[in-house]
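Let's take a walk through a protein model together. Have the sequence and the 3D view ready before you start.

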Amino acid sequence: MLRLEKRPTPSRFWLYATPPVAVILTMVAGGILFAAMGKNPFEVIRTIFWDPVFGEFAFYLRGQLLVKAGPLILIAIGLALGFRAGIWNIGAEGQYIMGAIFGASVGLAVFPTENRLIFPVMVVAGAFGGWLWAMIPAILKTRFNTNEILVSLMLVYVAETILAKASTGFLKNPEGMGFPGSRNFSSYPAAANPELIAGTGLHWGGVAAFVTAILAYVLLTRHQTGFQIRLAGQAPRAARFHGVSPARLVVMCMGLSGAMAGMAGLFEVTGPAGQISIDFNTGYGFTAIIVAFLGRLNPLGIVLAGFLMALTYVGGEMASTNLGLPDAAIQVFQGMLLFFLLAVDVLTNYRFRLAVGAH
Amino acid sequence: MKRRTLLASAAMGLMLASGAFAQGMDKVKACFVYVGPIGDGGWTYQHHQGALAVQEAYGDKVEIQYQENVPEGADAERVLTQMALGGCNIIFTTSFGYMDATNAVAAKFPDVKFEHATGFKREHPNVSTYNARFYEGRAVQGTIAGRMTKSNKIGYIASFPIPEVIMGINSYYLHARKVNPDVQLSVVWAFTWFDPAKEADAAKALIDQGVDVIASHTDSTAPLAEAAKTNGAVIGFGQASDMAEYKDGPRVSSIIDNWAPYYVKRVGQLLDGTYEQIDAWEGIAGGEVLIGEITDKVPADVKAEAEALREAIAAGTYHPFTGPINKQDGSPWLAEGQTAPDGDLLGMSFYVEGITGDIPK
C-alpha cells in the first residue's frame, strides 16, 4: 500500500518540477479526452501549444499572446504578494472592473481635451479605483475580523452591477443612439493605450506587467517588507514577535493587489477592449489566481505562467474554430491544468511511502 | 512590415486564391461567432440552427465554422481576425457587443463580408447589419397577456435598458392594455442576457407582487421553471426559442427567433454574386419572427384574436406602434393613425403612457 508522508521540509525539486509535470499530465489527459471525441489528439495539442507561436498566423497571434498575458501577469503578481502572506484576495475581478471605471471616468470627463498628462492621470485613477475596492474587505477584516475571501468575492458582483450601470447610464456614449457602452477610446488619442510597436501586441499594460514583475521580485528577495510578507505566510506567530503588524500587512497587500488589478483594468479598457461595456470583464481577475499558483507565487514564474495561460486561450480558440471542438472541451482542458497542478503539488509537502502492513 | 499591411496582404492573398468576387463564388466558407454556448436553448441555439440551415441548403458548396462563448471586446476582435485569416468569406457576429470589433476587423479585411446582428454601425462597405422586429411578436404576447390575467397584473423580465428591450416592453404593454384597460405592468431589470439564477429571482419577485403572466427578454427557461411551481396560477412565454418542454406547464406561446431565412439568403447571394451591403430588419412577414404554438390553456377566442393580430402584422395592414400614443410623461409621441418611424424605434429610450416606474439610467 502507498501512503502519504509529510516531508520534514518542502521539496525544492517538486516545487519547481510541479508546473511542467502538470502541463505534461494535462496534455496526456487532454489528448485522451480529444481522442475520445474523435479528434486527432496530436493535431489538437499542436494547434493549442505550437501553432500560435510558430504556425501560419503566428505573426498575428504572438502579439495576441502578449495582449492576453499582460493583464494576467499584472493581476497575478499583486495577488501573489498577498497569497504569500496568507491574505486571500479573491476579488481581483471586481478591483479590475472598478479600476477601469475610475480611470475611464477621468478620461471621459475631460473628453475631447488633448493633453499628454491625461493618460498618466487615468492610470493613477485606475490604480486608485482598484485600491479603494480592495480597501473594503481589508478594513472590514482588520476592524471586524470578517473573512476577506468572502467579502472580496461578493464585491465582484457589486462591481459588475456598477459596470452595468456605467455602460447604460453615467458613462454611456452620448452619441451611441441610446445603446449601452461608453465612447471608444481608440478614437480619443489622449486617453488611448495603443500598441506601442506595431505587430507586437505590446501596450502600456504589458510594459507595466514586466516592470512590476521585476519590482516585485526585488521586493520579495531583497527588501524588509518582502521578508515580512514571507514570514507572515510561513509563521504568523513568529512574524508577530518580529514586529510585523498583521493589520498593516493586510491593508498593504490588499491595497497593492487591488491597485495592480485596477491598473490592469484601466490598460485593458483604454487599449484592447476600447470601451466600458456591460460585458467588459472577461474573467482575468479569476484566471490570475490560477496564474499566480502556476507561477509558484514567484514574480518571474508568474510571467511564464501568464504566457502559458494565454497560450491555452489563444490556441484553444484556434482548436475550437479550426477543428470544431466544442468550447466546453477547451474549458475542461484549462481546468485540468489547475487540477493537475494542485494534485502534483501534494508532492512538494508530502512523499509517497510504501507502507509495510496495512492500516 | 506593419501589422496592418501584413494583414492586408494576407487578405489579398486569400482573395486571389478564392477567385474574383463580383462573379459569385464556387464555395463559401461561412463563419459564426456566438456569445453563448450552442446548447443555451435560446439566443445562440437559434443562431446555430440558422447556421445548420445554411449547410443544409447548400451542402458541399459551403463550409461552416463557428466559435462559442466569445466574450465581447478584445477577444472578439482576435477571434474575428483568426477567422478572416483562416479564409472565412462571410462572418456573422451574433451579439450586439461585437459591434466595434466587427467594424475594426472589417477595416483590415475589405474582401471578407461581415454581418453584425442587432447593431447599427456600418463603417465599411463590407459590413452589413441585421435584426428582427421582435416587437411584433411582443404585440401578440401582450394581447394574450391582457386577456389571460386574472389579477390584472402582468410582468416583464427585462435584460438591459436598450432600445431593443424598451420597444418590446412598450409593445407588450400597449397590446395588453388595448384588450384590458385595467392591466398594470411590472418590469424587473435583471441586467443580464443569460443567468438562470437571476432570472428565477426576478420571476419570484414578480409572482410575489401578484403578477400572473410573465414575459421575459432573457434567454433561459428559468422564469418558466419558476412559474411552473405555482400549479398553473402563473403563465409565461418561450423567449428566443420555442421552449416547448414547458408546453404542458406554464408556457402558452412563444417568440421564436428564426435566423435561417436570412442566413440562407445572404450566403446564397454570396454564391451567386448578388451580395450587397444592407441593413436588414425583417419581422413576422419575412419569417424571422415566429409565434410558437398557442396552447389549449388559452381560450379559443383569445387564440383567434392573437392569431388574427399576427396575420394582420404579417400582411402589413397593422403596425404595432400606431397612434395615438403618448410618452410616459404625457407628451405626444404618435398622432392618430401615425405609425412609428424605424428611427424612433431604434433609439427608443422612453416608456409609453401608462407604464409606471422608471427606465434605469
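How many residues of chain B are in contact with chain A? There are 33 of them, and they touch 33 residues of chain A. Here, "in contact" means that the C-beta atoms of two residues, placed from the backbone, lie within 7 Å.

Before going further, a word on the ground rules: this is a predicted model, where local features need pLDDT of at least 70, side-chain atom pairs count only at pLDDT 80 or more, and totals for chains, interfaces and linings use all residues. Residues are numbered from 1 along each chain as its sequence is written, while chains are lettered from A and ligands numbered from 1 in the order in which they are written.

**Where the chains touch**

On chain B, the side touching chain A draws at least two residues from each of α1 (3–18), β2 (62–67) and α3 (74–85). The biggest giver is α3(B), with 8 residues. Helices (H or I, at least four residues) and strands (E, at least two) are DSSP runs, numbered from the N terminus. Sorted by class, that side of chain B looks like this:

| Class | Members of the class | Residues on the side of chain B that touches chain A |
|---|---|---|
| Nonpolar | Ala, Val, Leu, Ile, Met, Phe, Trp, Tyr, Cys, Pro | 15 residues |
| Polar | the others, Gly among them | 10 residues |

Chain B has an open sheet of 6 strands, in the order β2-β1-β3-β4-β5-β11, with parallel pairing. Two strands pair if DSSP finds at least two bridges between them. β2 and β11 (279–282) of chain B sit at the edges, each pairing on one side only. Zoom in on β4 (residues 113–117) and β5 (residues 127–132) of chain B: they pair in the parallel sense over 4 bridges. There, Glu115(B) stands opposite Ser128(B).

**Over to chain A**

Chain A has 14 helices and 2 strands. Its C-alpha trace spans about 75 × 60 × 35 Å along its principal axes. Of the 359 residues of chain A, 50% count as buried, meaning that 20 or more other C-beta atoms lie within 10 Å of the residue's own, with C-beta atoms placed from the backbone.

Is helix α12 (residues 284–294) of chain A mostly covered or mostly open? Mostly covered: 9 of its 11 residues are buried, including Tyr284(A), Ile289(A) and Phe293(A). Among the elements covering the buried residues of α12(A) are α1 (12–36), α4 (58–84) and α14 (327–349) of chain A. After α12(A) comes Arg296(A), with a positive phi near 60 degrees.

How values were computed
Buried ≥ 20, exposed ≤ 12 C-beta atoms within 10 Å, placed from the backbone.
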